Amino acid sequence: MSKQGYGIFQGMRYSDFLFLWVLFANLVLVAYLGVGDHQKALKVAYSQTSGEQIISWFEGFNQQLQENKPVDQKSCIPAQEIPVDLKGAKPNTWNDCISLLFSAEGPFHGYTNLIMPQAPPYASKCDKHELGTAGAFIFEKMIMNPAGPSTVSTMDPNEKLVSGMNIRLSLCDTGYYLIKIGEFRL
């Protein structure tokens, strides 16, 4: 009498083993990519929270200017809000303001680009040809249109800061699309 085995692999051919191996490899790949995408999504969510803090800071800054309280970030004061003792001085530019805010002395010194840590935390635009813009904060100038939607354009580094300027803050995500966080007024 011959022994008949009823094991799990009894009667399987080479092609069956190959199918199982490919199936297992696909499951491992999907799990690996899923974990990576989840980590990137967490970084984007944390960056959005940081963006909300930036908007909150600008709203507080604007309120201090409206109440004529002294502010530490003099290079972010809009042209019509410059104190009397500084009249005649050149108006502040966007580059001066944003550089100060993200510098070592600024309120956002701890903010980094979480998706591309070697890139700066802010960029002028979200561009798939510039890989460092993924995860960066994008500040855009908004021009209100009473007859239709607002016009949005990039903030030029030499843009003069004027009182009443509307700015939209967005985040450049991993697919190089803008995630709108909010708007504030200078």
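Biologist: How many disulfides does a search of the whole structure find?
Modeller: Two. Bear in mind that this is a predicted model.

Biologist: What makes Cys-76 and Cys-97 a disulfide?
Modeller: Their sulfur atoms lie 2.0 Å apart. The cut-off is a pair of cysteine sulfur atoms within 2.5 Å, so the pair qualifies.

Biologist: Why is the disulfide of Cys-76 and Cys-97 called right-handed?
Modeller: Because the torsion about its S-S bond is about 100 degrees.

Biologist: Which parts of the chain does that pair link?
Modeller: Distant ones. Cys-76 is in the loop between helix H1 (14-66) and helix H2 (94-101). Cys-97 is in helix H2. They are 21 residues apart.

Biologist: Are Cys-76 and Cys-97 buried or exposed?
Modeller: Both are buried. That places each under 20% relative accessible area.

Biologist: How do you know that Cys-126 and Cys-172 are joined by a disulfide?
Modeller: The S to S distance is 1.9 Å. The limit is 2.5 Å, so the pair counts.

Biologist: What is the handedness of the link of Cys-126 and Cys-172?
Modeller: Right-handed, with 55 degrees about the S-S bond. This pair also links distant parts of the chain. Cys-126 sits in the loop between strand E1 (122-123) and strand E2 (137-143). Cys-172 belongs to strand E4 (residues 166-172). The separation is 46 residues.

Biologist: Why is Cys-126 called partly exposed?
Modeller: Its relative accessibility is 21%. Buried means under 20% and exposed means over 50%, so Cys-126 falls in between.

Biologist: And what makes Cys-172 count as buried?
Modeller: Its relative accessibility is 0%. That is under 20%, so Cys-172 is buried.

Biologist: What is the pairing, numbering the bonded cysteines in sequence order?
Modeller: 1-2, 3-4.

Biologist: On to Pro-157. Where does Pro-157 lie?
Modeller: In the loop between strand E3 (151-154) and E4. Leaving out residues up to four places away in sequence, Pro-157 touches Thr-93, Trp-94 and Asn-95.

Biologist: Why is Pro-157 called partly exposed?
Modeller: The relative accessible area of Pro-157 is 38%.

Biologist: How many salt bridges does a search of the whole structure find?
Modeller: Three.

Biologist: What makes Glu-67 and Lys-69 a salt bridge?
Modeller: Their side chains meet at 3.1 Å, N to O. The cut-off is 4 Å, so the pair passes. Glu-67 is partly exposed, at 41% relative accessible area. Lys-69 is partly exposed too, at 46%.

Biologist: How do you know that Arg-168 and Glu-140 form a salt bridge?
Modeller: The N to O distance is 3.9 Å. The requirement is within 4 Å, so this pair counts. Arg-168 in strand E4 and Glu-140 in strand E2 come from distant parts of the chain, 28 residues apart. Arg-168 and Glu-140 are buried.

Biologist: Why is the contact of Glu-159 and Lys-141 called a salt bridge?
Modeller: The side chains meet at 3.1 Å, N to O. Glu-159 is in the loop between E3 and E4, Lys-141 in strand E2. These distant parts of the chain are linked across 18 residues.

Biologist: Are Glu-159 and Lys-141 buried or exposed?
Modeller: Both are buried. Each is therefore under 20% relative accessible area.

How values were computed:
Residues are numbered from 1 along each chain as its sequence is written. This is a predicted model: local features need pLDDT of at least 70, side-chain atom pairs count only at pLDDT 80 or more; totals for chains, interfaces and linings use all residues. Side-chain values use heavy atoms; hydrogens and water are left out. Helices (H or I, at least four residues) and strands (E, at least two) are DSSP runs, numbered from the N terminus. Buried means under 20% relative accessible area, exposed over 50%, partly exposed in between (1.4 Å probe, protein chains only). Contact means heavy atoms within 4.5 Å.
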